[in-house]
Amino acid sequence: MPEFPAGFVVGVSTAAYQIEGAVDAGGRGASIWDTFSHTPGRTRDGDTGDVACDHYHRWAEDLALMAELGVDAYRFSVAWPRIQPDGTGKPNPDGLAFYDRLVDGLLARGIAPVPTLFHWDLPQALEDRGGWLARETAERFAEYAGHVAARLGDRVRRWITLNEPVVHMAQGYAWGTHAPGRQLLLDALPVAHHQLLGHGLAVRALREHGAAEVMITNNCTPVLPASDDEADQAAAAVYDAFHNRLFNDPVLLGTYPDFLSAGLGDVLRDGDLQVISTPLDALGINYYNPTKVGAPPAGADLPFEMRTIEGVPTTAFGWPVVPDGLHDLLTGLRETYGGALPPIYITENGCSTADGTADQFRVDYLDSHLRAVHRAIGGGVDVRGYFVWSLLDNFEWAEGYSQRFGLVRVDFESQQRTPKNSYHWLRAQLASRA
Ligand code: FCB
């Protein structure tokens, strides 16, 4: 591993619905992912997160895997329906107790806990009241954040509010490929605003409970125009606004790109942008690949069209592998936001590979992306840490168990965990740090 500045954090990342299972244990309420995955035709092979990696019962074994790996930090998510089964009201003691034990277990092993408060598993009861299309959900989210912080805030230093609000908006509400499965296309825009408002309100709630460091995790992608043609360039700029700037500008600058602000109409109220731009201690970035975009055919529903990036390796998922994209993304953020850009953590990066423990592809992927981060730091971008997605093979949303992102193989029949070559590689890298 290249030599990172002192204190650079290396961790692994997971999310509640993707690993916990035990969907009826400890008073947990239903989430939109329970409903979605149990609806025929929504996920590959009808897979659900009912059992997943059974991490809810096997968390101690998973902590031992992390301790052995030698990571500095663990990014996990808190399942809102465990804390508030109906999305509102008094917190559920059993739900809080689970994360309480997890945090203590991490600290006892010298691993810093980094909880994400929302990684897409909205309580179904809130979806029934409009989900993130409803402004009220933003307020409920801040209340929930306050409950979690009141319990864990004495031991958790670093918090993440939302995971990838762009993906939740696009896949969940615009295309309908993720829960809650709505197909609103451009009418999904209020979902962006209400998530961001919820984020801003939650930042304040977390700080009231003594949170030392708060960030949001945005999925960012460098957008490559399909050609030099004006129409392709314009389509790329529009896509960049929807995917990247819609979520970074309001948080860092307190503004929306003009045409998106107009598109929000009276969903955007006076004072909202002040809440959303409450200063952050850091920005979380999830990076997987760049996106090539061209002009759409006449009469298309959307003002852009995705194109294939040719001539590069692809992961088992078919995602293009472009480590330079991570470098360019980081230096691009620095150019765009200058002094308004806080320190950055890469909160997810990784790849899916064919099943098995011989995953040299993942070793090469992680090695090349860590080097890209290192070069960006050398070029003056303040990156403080890097989290691998993911510790374990897990429930990859609509793809079910078909996409394996883990450093550790999981046999979903027996629940046996087997470290892959990439785990052994990362362990050696971490052990050799100065
Ligand atoms: C990200 C999600 C994460 C995982 C990876 C592969 O978009 O945040 O839960 O599914 O992709």
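This is a predicted model: local features need pLDDT of at least 70, side-chain atom pairs count only at pLDDT 80 or more; totals for chains, interfaces and linings use all residues.
Is Ala 22 buried or exposed? At 12% relative accessibility, Ala 22 counts as buried, because the cut-off for a buried residue is under 20% relative accessible area.

**The loop between H1 and H2**

Ala 22 belongs to the loop that links H1 and H2. Although Ala 22 is not a glycine, its phi is positive, at about 45°. Glu 20 is placed in the loop between H1 and helix H2 (32-37). Glu 20 is buried, with a relative accessible area of 3%. Leaving aside residues up to four places away in sequence, Glu 20 touches Val 51, Ala 52, Asp 54, His 55, Tyr 56, Ser 77, Ala 79, Arg 82, Phe 98 and Tyr 99. With Tyr 99, Glu 20 forms a polar contact of 2.6 Å between the two side chains. Trp 175 is 155 residues from Glu 20 in sequence, and their C-alpha atoms are 26 Å apart in space.

**Helices H5 and H7**

Tyr 99 is one of the buried residues of H5, a group that also includes Gly 95, Leu 96, Phe 98 and Asp 100. Helix H5 covers residues 93-108, 16 residues in total, and its first and last C-alpha atoms are 22 Å apart, close to the 22 Å expected at 1.5 Å a residue. The cover over the buried residues of H5 includes helix H1 (16-19), helix H3 (55-69), strand S2 (73-77), helix H4 (80-83), strand S3 (112-118) and helix H7 (136-152). Asp 94 is also part of helix H5, but at 45% relative accessibility Asp 94 counts as partly exposed. Just after H5, Gly 110 has a positive phi of about 75°.

Helix H7 has 17 residues, which should span 24 Å at 1.5 Å a residue; the 25 Å between its end C-alpha atoms agrees with this. Among the buried residues of H7 are Thr 137, Ala 138, Arg 140, Phe 141 and Leu 152. Their cover includes H4, H5, S3, helix H6 (124-127), strand S4 (158-163) and helix H9 (189-208).

**The surroundings of the ligand**

Which residues are around the ligand? They are Gln 18, His 119, Trp 120, Asn 163, Glu 164, Tyr 288, Glu 348, Trp 389, Glu 396, Trp 397 and Phe 405. This shell divides into 5 nonpolar, 3 polar and 3 charged residues.

| Residue | Distance from a polar side-chain atom to a ligand oxygen atom |
|---|---|
| His 119 | 2.8 Å |
| Glu 164 | 2.5 Å |

On its own the ligand has 300 Å² of accessible area, and the protein covers 96% of it.

**Cis peptide bonds and a further positive phi**

Trp 389, one of the residues around the ligand, is joined to Ser 390 by a cis peptide bond with omega near 15°. Ser 390 is placed in the loop between strand S11 (383-389) and strand S12 (408-410). Between Asp 94 and Ser 390 there are 26 Å from C-alpha to C-alpha, and the two are 296 residues apart in sequence. Another cis peptide bond, with omega of about 5°, joins Ala 179 and Pro 180. Pro 180 is in the loop between helix H8 (165-175) and H9.

Gln 415 has a phi near 65°, a positive value in a residue other than glycine. Gln 415 is in the loop between S12 and strand S13 (417-419), and is buried, with a relative accessible area of 5%.

Thr 278 is in the loop between helix H12 (272-276) and strand S7 (282-286). With a relative accessible area of 9%, Thr 278 is buried. Not counting residues up to four places away in sequence, Thr 278 touches Gly 200, Val 203, Arg 204 and Arg 207. One of these neighbours, Arg 204, makes a side-chain to side-chain polar contact with Thr 278 at 3.0 Å.

Asn 244 is part of helix H10 (residues 230-252). Its relative accessibility is 7%, so Asn 244 counts as buried. The side chain of Asn 244 reaches the backbone oxygen of Thr 221 at 2.8 Å. With residues up to four places away in sequence left out, Asn 244 touches Asn 219, Cys 220, Thr 221, Val 223 and Tyr 239.

Conventions: Residues are numbered from 1 along each chain as its sequence is written. Side-chain values use heavy atoms; hydrogens and water are left out. Helices (H or I, at least four residues) and strands (E, at least two) are DSSP runs, numbered from the N terminus. The expected span of a helix is 1.5 Å times one less than its number of residues. Buried means under 20% relative accessible area, exposed over 50%, partly exposed in between (1.4 Å probe, protein chains only). Contact means heavy atoms within 4.5 Å. A residue is near a molecule or strand if one of its heavy atoms lies within 4 Å of it. A polar contact is a pair of N or O atoms within 3.5 Å; within protein, one must be able to donate a hydrogen and the other to accept it, and residues adjacent in sequence count only if both atoms are side-chain atoms. Accessible areas come from the Shrake-Rupley method with a 1.4 Å probe; for residues, only the protein chains shown count as cover. Ala, Val, Leu, Ile, Met, Phe, Trp, Tyr, Cys and Pro count as nonpolar, Asp, Glu, Lys and Arg as charged, and the others, Gly among them, as polar.
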